[in-house]
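Work through the exercises below with the sequence and the 3D view open. Each task is followed by a solution in steps.

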Amino acid sequence: MDSFSATSARMPALRSSITENPSRYRVLTGERPTGHLHLGHYVGTIRERVRLQDAGVKTFVILADYQVITDRDTAGAVRDNVHSAVLDYLAAGIDPDRSTIFTHSAIPELNQLFLPFLSLVTEAELHRNPTVKAELLDSGRALNGLLLTYPVHQAADILFCKGNLVPVGKDNLPHVEVTRTIARRFNERYGKVFPEPEALITAAPELPGLDGRKMSKSYGNTITLAMSEDETAQRIRKAPTDAERTITYDPDSRPGVSALLDTAAVCLDRTPEDIADEIGSKGSGALKALATEAVNEYLRELRHRRASLAAADTAEVLRSGNHAARRIAVETLDETRAAMGMHY
Ligand code: TRP
């Protein structure tokens, strides 16, 4: 069994344990602020974070700004992306009184944990990470030191707050494995300091982009949470379909039509086949109208809340989130140095 299947098999037991004992868990998760958050992020992970928070699990959300420069030359519009993500989180129901939202670069102690952690993995292990390999290929660049080692940096993101539950998509699973290895090896060498965190794989299937390819800002195939209803309608109007009038669900041979069905289905909580049957021979125009209405209706309240928030709100959330995260990071770094005999 590969690690994805093995982890997936553990999910039902893990989920019931979380429901029964929310206070045993501490969640750390987050994303790279490379663009605006989209519908795929919302249904894949953000909804889940809100559910965990509301179930009483202490939750930390990291905006991994240093990870932006793993596969590109500059951080680009990172500041705007961070603020936009915080607006999305708040509008989605992440409550800064119960969840800590923070940025990588504001917590220097993370970078200091990175040093002993680097000593716990071999170069061969770093080169073997399938997600790093895929990102390297996609980047079209030479492998830089940060791209090779960022999974170790990510271990510091998770372990600084002793996170023991990490909601991730399939692509981040290898990084949770690296984190478990680092925690285990650290504890073996220096005494027990860190938990071995478990990955929580989202129950929602991955939503394709509007053209049927992987949802990605660089393909222009996403619907962002920040878009207006008109912008959403326009995006969907331009989505590629085909000349076949009767609508059927067939992701392999009809990627565009099927992606629109998937998008509408997740918003309406129906199956794509069912929606295809309803539209029948009314064609892709009717499908696009239905999908537009479904998405706009689904996001309407979130977008209203988002519009009522101000820049000052996000600045305050980050200020206090960074402060709270930093206090914990200082404590954990102290404990780490003490375990290593470096407390003077
Ligand atoms: N690598 C994650 C992504 O690409 C973002 C991330 C950074 C993360 N640190 C994390 C996810 C810690 C989970 C836990 O989206």
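**Exercise 1: A glutamate in a helix**

Glu 48 has its place in helix α2, which covers residues 39–54. The model is a predicted one.

Task: Decide whether Glu 48 is buried or exposed, and find which residues it is in contact with, leaving aside its neighbours within four places in sequence.

Solution.
1. The relative accessible area of Glu 48 is 5%.
2. Buried means under 20%, so Glu 48 is buried at its 5%.
3. With neighbours within four places in sequence left aside, Glu 48 is in contact with Arg 15, Leu 200, Thr 202 and Ala 203.

**Exercise 2: A threonine in a helix**

Task: Locate Thr 7 among the helices, classify Thr 7 as buried or exposed, and list its contacts beyond four places in sequence.

Solution.
1. Thr 7 is found in helix α1, residues 3–20.
2. Its relative accessibility is 4%, so Thr 7 counts as buried.
3. Apart from neighbours within four places in sequence, the residues in contact with Thr 7 are Leu 173, Ala 199 and Ile 201.

**Exercise 3: The ligand and its shell**

Task: State how many residues surround the ligand, and give the distances from ligand nitrogen atoms to the side chains of Gln 67, Asp 157 and Asn 172.

Solution.
1. The ligand is surrounded by 14 residues, and the closest are Leu 28, Gln 67, Gln 154, Asp 157 and Asn 172.
2. In Gln 67, a side-chain N or O atom is 3.0 Å from a nitrogen atom of the ligand.
3. For Asp 157, the distance between a side-chain N or O atom and a ligand nitrogen is 2.7 Å.
4. For Asn 172, a polar side-chain atom lies 2.9 Å from a nitrogen atom of the ligand.
5. The ligand taken alone exposes 360 Å², of which the protein buries 89%.
6. Two or more residues of the shell come from each of β1 (26–31), α7 (145–159) and β4 (165–168).
7. β1 gives the largest share, four residues.
8. Sorted by class, the shell has six nonpolar, five polar and three charged residues.

**Exercise 4: Cysteines**

Task: Say how many disulfides the structure holds, and whether Cys 161 and Cys 267 are buried or exposed.

Solution.
1. A disulfide is a covalent bond between the sulfur atoms of two cysteines.
2. The structure holds zero disulfides.
3. Cys 161 has 0% relative accessibility and therefore counts as buried.
4. Cys 267 is buried as well, with a relative accessible area of 11%.

Conventions: Residues are numbered from 1 along each chain as its sequence is written. This is a predicted model: local features need pLDDT of at least 70, side-chain atom pairs count only at pLDDT 80 or more; totals for chains, interfaces and linings use all residues. Side-chain values use heavy atoms; hydrogens and water are left out. A residue is near a molecule or strand if one of its heavy atoms lies within 4 Å of it. A polar contact is a pair of N or O atoms within 3.5 Å; within protein, one must be able to donate a hydrogen and the other to accept it, and residues adjacent in sequence count only if both atoms are side-chain atoms. Accessible areas come from the Shrake-Rupley method with a 1.4 Å probe; for residues, only the protein chains shown count as cover. Ala, Val, Leu, Ile, Met, Phe, Trp, Tyr, Cys and Pro count as nonpolar, Asp, Glu, Lys and Arg as charged, and the others, Gly among them, as polar. Buried means under 20% relative accessible area, exposed over 50%, partly exposed in between (1.4 Å probe, protein chains only). Contact means heavy atoms within 4.5 Å. A disulfide is a pair of cysteine sulfur atoms within 2.5 Å.
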